[in-house]
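Subject: A structure for you to explore

Hello,

Here is the structure I promised to pass on to you. Please open it beside this email, and then read on for what turned up in it.

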Amino acid sequence: MPEMPEVEIIRRYLDTVLTGQTIMKLDLLLPRQIKWPEPEAYRAMAIGRTIQAMKRRGKYLIMELDNGNELIFHLRMTGRLVFEPEGESHDSYARLLFHLDGGGLLVYGDTRTLGAVYALAPGERWRIHGLAEMGPEPLSPEFTPEYLYQLVQGKKTLIKSLLLNQKYIGGIGNIYDDEALFLAGIHPQRRASTLTQEECQRLYGTINSVIEAGIRDGGTTFRDYQNGEGGHGSHQEHLFVYNRKGQPCRKCGTPIEKITVGGRGTHYCPRCQK
């Protein structure tokens, strides 16, 4: 699943090429991917509107239109949003095609059709619970060491699972969760409430640093992730633990292990994260 860095990279590119363009036509190749409103109502909310900006909240991409409406995309496991300047789709799994007045085409593709697409009027974000209830994001002023320390107080859940809960922190997924915990030297099966203030300070720093590194490297691509131009990221080449089971730890040489925490595959170093 694209996480905060990958979605931010998509947003940055699409914001440069889509802002000021008008949606002239919309092909709904798989209407069931639209979760709100009904497909024809979605079409009516989009066609003829000019794109004001591409924004992001957590893992959601938000297209702001000139009348205040928002087209929202949640890519989930295999979704992608790619701009085709020549106006032709090269995606055999294209689900929605936005024809733009500049001659280009915005393609929403989704191999396994697990993603979700919405059109919301102003003030309707409450319709998407994951978006409306999302906690502060890494790199934001609201996400602070003190916030993280207060968050873990009394939480018996495992720290790995807590970091994945978008209600508490928006945008972190499995890859960057594992990486941040490794760099902070914290075992993924620690109870959140056992973290000290010093450990929370350290974890706060590593969360921000892994998000920044992911953005700097163009995102992490293993299978489906594509940026807004259809290209791939390189951050997978710099990961410390994620997807490196059996390989030597980059710090101590101990083989990386993989376990399951909260139903999620979890990579860690048994020596660096005791």
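A residue is called buried when its relative accessible area is under 20%. With that in mind, look at strand β4 (residues 60-65), where five of the six residues are buried. Please remember as you read that this is a predicted model.

**The strands around β4**

Strand β4 has a partner in strand β3 (residues 51-57): the two pair in the antiparallel sense over six bridges. Strand β4 is also joined to strand β5 (residues 70-74), by five bridges, and these two run antiparallel as well.

In β5, Ile 62 has Ile 72 as its bridge partner. While you are looking at strands, here is a general point: in a regular strand the side chains alternate between the two faces of the sheet.

Now follow the chain through the turns. The hairpin of β3 and β4 has two residues between the strands, and Gly 58 there takes a positive phi near 60°. In the hairpin of β4 and β5, four residues lie between the strands, and Gly 68 has a positive phi near 95°.

**Aromatic rings**

How many aromatic pairs does a search of the whole structure find? The search finds five. One of them is formed by Phe 143 and Tyr 147: the ring centres are 6.4 Å apart and the planes stand at 65°, so this pair is edge-to-face. Planes over 60 degrees apart count that way. Phe 143 is buried, at a relative accessible area of 1%, whereas Tyr 147 is partly exposed, at 24%.

Phe 143 also pairs with Tyr 204; here the centres are 5.4 Å apart and the planes are at 40°, so the pair is tilted. This second pair links distant parts of the chain: Phe 143 sits in the loop between α3 (129-132) and α4 (145-152), while Tyr 204 belongs to helix α7 (residues 197-216), 61 residues apart.

Elsewhere, ring pairs join Phe 73, Phe 98 and Tyr 108 into a cluster.

**A lysine over a ring**

Next, find Lys 155 in the loop between α4 and α5 (159-164). Lys 155 lies over the face of Tyr 168, at 5.2 Å from the ring centre. Is Lys 155 buried, partly exposed or exposed? With a relative accessible area of 22%, Lys 155 is partly exposed.

Leaving aside neighbours within four places in sequence, the contacts of Lys 155 are Leu 162, Tyr 168, Arg 191, Ala 192 and Ser 193.

**Cysteines**

How many disulfides are there? The count comes to zero. A disulfide needs two cysteine sulfur atoms within 2.5 Å. The sulfur of Cys 252 has its closest cysteine sulfur in Cys 269, at 3.6 Å, which is too far for a bond. Cys 272 is in no disulfide either; the nearest cysteine sulfur, again that of Cys 269, is 3.7 Å away. Both residues count as partly exposed, with relative accessibility of 26% for Cys 252 and 25% for Cys 272.

Enjoy looking around, and write back with any questions.

Best wishes

Note on methods:
Residues are numbered from 1 along each chain as its sequence is written. This is a predicted model: local features need pLDDT of at least 70, side-chain atom pairs count only at pLDDT 80 or more; totals for chains, interfaces and linings use all residues. Side-chain values use heavy atoms; hydrogens and water are left out. Rings of Phe, Tyr and Trp (its six-membered ring) pair if their centres lie within 6.5 Å; planes under 30 degrees apart count as stacked, over 60 as edge-to-face and the rest as tilted. Buried means under 20% relative accessible area, exposed over 50%, partly exposed in between (1.4 Å probe, protein chains only). A charge sits over a ring if NZ of Lys or CZ of Arg is within 6 Å of the ring centre and within 35 degrees of the ring normal. Two strands pair if DSSP finds at least two bridges between them. Contact means heavy atoms within 4.5 Å.
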